[in-house]
Amino acid sequence: MKIGFIGLGNMGLPMAVNLQAAGHDVIGFDTIAKPDGINLASDAAGAAKDADVVITMLPNGKILQAVAAQIHPVMKANAVHLDCSTVDVESARIIAQSAENANLMSVDAPVSGGIGGATNGTLTFMAGGEETAFAAVKPLFDIMGQKAVHCGPAGNGQAAKICNNMILGVTMIATCEAFVLADKLGLDRQAMFDVVSTSSGYSWSMNAYCPAPGIGPQSPADNDYTPGFAAELMLKDLNLSQVAAQAVNADTPMGAAATALYTQFVDNEDGMGKDFSAMLPRFEKRNRDS
Ligand code: NAD
């Protein structure tokens, strides 16, 4: 396929490289990054105009909408706009409508798996859009990832992503505060892990990404909380979950509390640039009333 790839940052570049290595004809564009090894167009429209599929991997919904306004008018009829960025559900649905108006297909397919997953081609894609559009880009998901779930119509990929990450933010905080409570009760961390990871308190945060250094599988905690998944990216996704919850009048008190805690952590408590599991040392430094 001829693929335009717009947004060659931490995630986009390795995804584009994997598509090219699999034999696809990739032409990229980024306003800042000018990486070697990928053919580059001089603007977004240049990367999009002859493409069968245009992939966007951009920071937020506002930028995505601006890029869509540049590329939709020049894309070939029936080409697919595959957006893999994490953005608000509303932007995803606006993009889908814009694509339909321009006789294009579209899929919103945010990813989980981080930079490692992008590099190794092991991402998970959560996709929203028409069945035919999903089928058209499925071979690309198979190169860039290990799993793609079709979640329903446009916007549902983003909906799945923010619901998943709202659970992740909440369970990470719960796991970290429970470790500190255990410390203060004199419970050994290894014993805490051995019990919880095999009992009803288990979760991905505890079992696969344990926030306590030296306990459980290797995780960012064992590398001084170098991300991994940075606290500010978790905060981005939590904020998106609360924007969506507000839009549909969903009561999400735990999601709101997690958003408030990560906001405080990133903005005022030196959390920026640390892994999101660094909530554990954050709780260690605090008391009940501080
Ligand atoms: P990044 O900031 O490294 O990359 C974004 C790229 O987009 C940058 O290179 C930037 O120059 C480029 N860009 C900005 N505006 C542009 C425009 N108008 N035209 C063309 N290029 C433009 O971010 P990233 O870590 O690669 O993340 C990309 C998306 O993936 C985000 O939505 C993020 O939330 C999501 N995501 C990231 C991770 C992760 O671990 N990094 C994991 C899952 C999802």
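**Notes on a predicted model**

1. Let's start with Asp 224, which is exposed, having a relative accessible area of 67%. Keep in mind as you look that this is a predicted model. Asp 224 sits in the loop between helix 9 and helix 10. Its backbone is worth a glance too: phi of Asp 224 is near 55°, a positive value in a residue other than glycine.

2. That loop has another backbone feature. Going from Pro 227 to Gly 228, the peptide bond is cis, and its omega is near 20°. Gly 228, like Asp 224, belongs to the loop between helix 9 and helix 10.

3. Where else does a residue other than glycine have a positive phi? Look at Asn 78, with phi near 70°. Asn 78 is in the loop between helix 3 and strand 5. With a relative accessible area of 55%, Asn 78 counts as exposed, because the cut-off for that word is over 50%.

4. On to the charged side chains. As background, side chains of opposite charge can pair when their charged atoms come close. How many salt bridges does a search of the whole structure find? The count is nine.

5. Lys 2 and Asp 25 make a salt bridge, and 3.2 Å separates their closest N and O atoms. This pair links distant parts of the chain, since Lys 2 is in strand 1 (residues 2–6) and Asp 25 is in strand 2 (residues 25–29), 23 residues apart.

6. Another salt bridge joins Lys 76 to Asp 52, with the closest N and O atoms 3.0 Å apart. Here both partners come from loops: Lys 76 from the one between helix 3 (61–71) and strand 5 (80–83), and Asp 52 from the one between helix 2 (44–48) and strand 4 (53–56). The two residues are 24 residues apart, so this pair also links distant parts of the chain. Lys 76 counts as partly exposed at 37% relative accessibility, and Asp 52 is partly exposed with a relative accessible area of 30%.

7. Towards the other end of the numbering, Arg 286 forms a salt bridge with Glu 269, and their closest N and O atoms are 3.2 Å apart. Arg 286 is in the segment after helix 12 (279–284), while Glu 269 is in the loop between helix 11 (253–268) and helix 12, so the pair ties together parts that are 17 residues apart in sequence. Arg 286 is partly exposed at 24% relative accessibility, as is Glu 269 at 21%.

8. Salt bridges can also join up into a network here: Asp 183, Arg 189 and Glu 284 are linked that way. One more charged residue deserves a look, namely Arg 282, whose charged end sits over the ring of Phe 283, 5.0 Å from the ring centre.

9. Now the rings. The structure has six aromatic pairs. One of them is Tyr 209 with Phe 276, a tilted pair with 5.4 Å from centre to centre and 45° between the planes. Tyr 209 is in the loop between helix 9 (204–207) and helix 10 (231–247), and Phe 276 is in the loop between helix 11 and helix 12, so this pair ties together parts 67 residues apart in sequence. Together with Trp 204 and Phe 229, they form one aromatic cluster.

10. Tyr 262 and Phe 265 also pair, with ring centres 6.5 Å apart and planes at 70°, so this pair is edge-to-face. The two are three residues apart in helix 11, which means about one helical turn separates them. Tyr 262 and Phe 265 are both buried.

11. Which residues touch the most other members of the largest nonpolar core? They are Tyr 262 and Phe 276, in a core of 32 residues. Helix 7 (156–184), helix 8 (189–196), helix 10, helix 11 and helix 12 each give two or more residues to this core. Helix 7 gives the most, with eight.

12. Leaving aside neighbours within four places in sequence, Phe 276 contacts a list of residues that includes Leu 168, Met 172, Met 234 and Tyr 262. There is also a second, separate core of 29 residues, with Met 15, Val 53, Ala 127 and Leu 140 among them.

Note on methods
Residues are numbered from 1 along each chain as its sequence is written. This is a predicted model: local features need pLDDT of at least 70, side-chain atom pairs count only at pLDDT 80 or more; totals for chains, interfaces and linings use all residues. Side-chain values use heavy atoms; hydrogens and water are left out. A salt bridge is a side-chain nitrogen of Lys or Arg within 4 Å of a carboxyl oxygen of Asp or Glu. Helices (H or I, at least four residues) and strands (E, at least two) are DSSP runs, numbered from the N terminus. Buried means under 20% relative accessible area, exposed over 50%, partly exposed in between (1.4 Å probe, protein chains only). Rings of Phe, Tyr and Trp (its six-membered ring) pair if their centres lie within 6.5 Å; planes under 30 degrees apart count as stacked, over 60 as edge-to-face and the rest as tilted. A charge sits over a ring if NZ of Lys or CZ of Arg is within 6 Å of the ring centre and within 35 degrees of the ring normal. A nonpolar core is a set of buried Ala, Val, Leu, Ile, Met, Phe, Trp, Tyr and Cys residues joined through side-chain atoms within 4.5 Å. Contact means heavy atoms within 4.5 Å.
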